[in-house]
Amino acid sequence: MGTVIEVQKISKQYSGATEYSLNGVSLSIKRGDKLGIFGPNGAGKTTLISIICGIIKQSEGEVIFNDGESSIELRSMLYKIGYVPQDFSFYPELTPYQNLMYFGALYDITKTELKQKIKSLLSVLGLSHVTHKKVGKFSGGMKRRVNLAIGIINDPAILFLDEPTVGVDVQSKNAIMTYLEELNRTGTTIIYTSHHMNEGQEFCNRIVLLDQGKLIADDSLQHLLKEYNESSLEALFLSLTGIEYRD
Amino acid sequence: MRKLRASIKKEFLLLINDKVGLLLMYLMPVLLVFIITLVQDSTFKLVNENSLEIIIVNKDTGDLGDTLISHLESTGTFTIKKRNELSEAEIQKTLLNGSELIAIKIPVDFSQNLNSKATNISINMLSEFEMADTNNLVNYSETLPLIMFYDPVLQESFRFSVLSTLYSHLSILENSLMIEKLYAQMGYDEIPKGMKNQFMNNQIKIDQVSANSSSREVIPNSTQHNVPAWSIFAMFFMVISLGGNIVKERLSGSFVRLQTIPASFSLVLISKTFVYVFVAITQLAIIFALGKLVFPFLGLPSLVLPSNILALFVVSFLSALSAISFAMLVGTYANTQEQANGFGAITVIIFAAIGGIWVPSFVMPSYLQAIGSISPMHWCLEGYYTLFLKGGDWYLLTPTLLFLILFILACQILIYIKLKIQNYI
């Protein structure tokens, strides 16, 4: 499988901060990866995703995108990228349909195609019955699913998810993870962060652990468990990052 | 175009879902323009139409008191209420409690002493030519003064203008009486008719010409001031809706999501500008229509639209862009919605106060007028004044239009800097 994103010695120091939030992180993301980025609070997970997606600029290093043939700029990749932020990044005053019509049009998708996509997406994510109701009145789990629907409206080749299941009920989490599995099966590369170790253990084929802005592990779950002689991702996580609070 | 259309549609949907914002942008200015115009209308009438109600207490036993009253009535300046029964103490009480601002008391010996004075002057004049005998001089005591009572709220300048009207008519009365006595001393029973009229009407006329480049003369009134003034206030009050809307979008992460989508951020700014220009123009249309069509039914002056419609459109468009740019600036720099609403509302109120929205700038002290010129609302209002009262000449409008363009540019540059720092652009 070819590399789609090459992260080379990325560092980030926010203005006014004395410490680096990310310090010389390098990794290669392969096509079809289900990459989980884990770490304690303040480890640099969101910063890393934000830099790769172009939301913030790195202080040092480079992010190189590859469309399969040559290196290309992020701007040219935006049509192929999907991003699901940790916050509910939509308009609560609008309905799921209106939100999706707006964000979908920004990808230049035609109205007819958009209508079909929206119908199918909302059906898969169990939101058909609230298509024309204002999102602001939805439960946390429903809002998460709307957030996800917007992120994948353009059928992305690479999907970034920042804590996509935080604060949701079991049913919503199941719906989201099942759909992500389905997306990955159809060729979408998935990069996501989560606090839920079990979720990562079940879902990811590759684990990246960050601590204090540094990459401390990057391999498949089986290899990592074997290398550090641990029985679960959670145990591995604690053994590598310690039991002390990091916030 | 698909992206722009979608973005504009989204802004419209957000706007119609913002019920409080819509009330603030449409209902509040309509109520304000009605209330303030009704309140200010009587003051403008007082200043512009000079129809001042005054009480006259005529204690004169002769007929010259009545003559003076008929002179004052003939000016059309006053609506006279005769209350001869009032004592001085009662006059003061009436002024403090009633709607009248001025009362004049004519003394009891007014006719008698004015006649005696005129007789003596005529005898003295003719005696110089040995045509009369000074032994015929009559005895008279110094005339009791006319007393003008006034409500303390009455402005000094206005009091002086009433006083000068009184002096002018007293002078005419005295001159006329003196001529009568001169003719009488010379043995004539009455003055030739033409002569008397000459003395009564020999004042040199003063024509008044308004410095107005248009052939139409528009009298400043409460409508001509309040309709554009509160339309401007309404436009700038968009800061609550638009400024808050920008902060909300930024805090919700919608702007962050936009960074990962192949759409320029300027699309957001353009679509917001488009929608809020529409809001501003509809605000203007509604308030102007009320001024033109509804005000007359309430006894208020009807709005007279300027003849230069193109200039009206340009001034309105630049005023709308100034208001939108200011709202966007507040929304871009505020950290929270509360900050945007609080700072935005207070700033707009200060801009309105110093910019002449509530009280016309010309009644402010000169230092406050100088400070007021930093308010964009002052320049918007200047633009409308030039259009509504001065004929809307492009040359006269140039400083106003230049200031507004500079203000818009300054806001847009500051917005760009902030968005650049935040990596949105």
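Me: Which residues does B:V239 touch, not counting residues up to four places away in sequence?

Reply: This is a predicted model, in which local features need pLDDT of at least 70, side-chain atom pairs count only at pLDDT 80 or more, and totals for chains, interfaces and linings use all residues. Residues are numbered from 1 along each chain as its sequence is written, while chains are lettered from A and ligands numbered from 1 in the order in which they are written. Two residues are in contact if their C-beta atoms, placed from the backbone, lie within 7 Å; on that basis B:V239 touches B:F326, B:A327, B:V330, B:G344 and B:V348.

Me: How many residues are in the largest nonpolar core?

Reply: In soluble globular proteins, nonpolar side chains tend to be buried together. A nonpolar core is a set of buried Ala, Val, Leu, Ile, Met, Phe, Trp, Tyr and Cys residues joined through C-beta atoms within 7 Å, where buried means 20 or more other C-beta atoms within 10 Å of a residue's own (exposed: 12 or fewer; partly exposed: in between), with C-beta atoms placed from the backbone. The largest one here has 136 residues, of which A:A149, B:F236, B:M238 and B:V239 touch the most other members. Its largest share, 13 residues, comes from helix α12 (residues 309-333) of chain B, helices being DSSP runs of H or I of at least four residues and strands runs of E of at least two, numbered from the N terminus.

Me: Why does A:L35 count as buried?

Reply: A:L35 counts as buried because 22 C-beta neighbours lie inside 10 Å.
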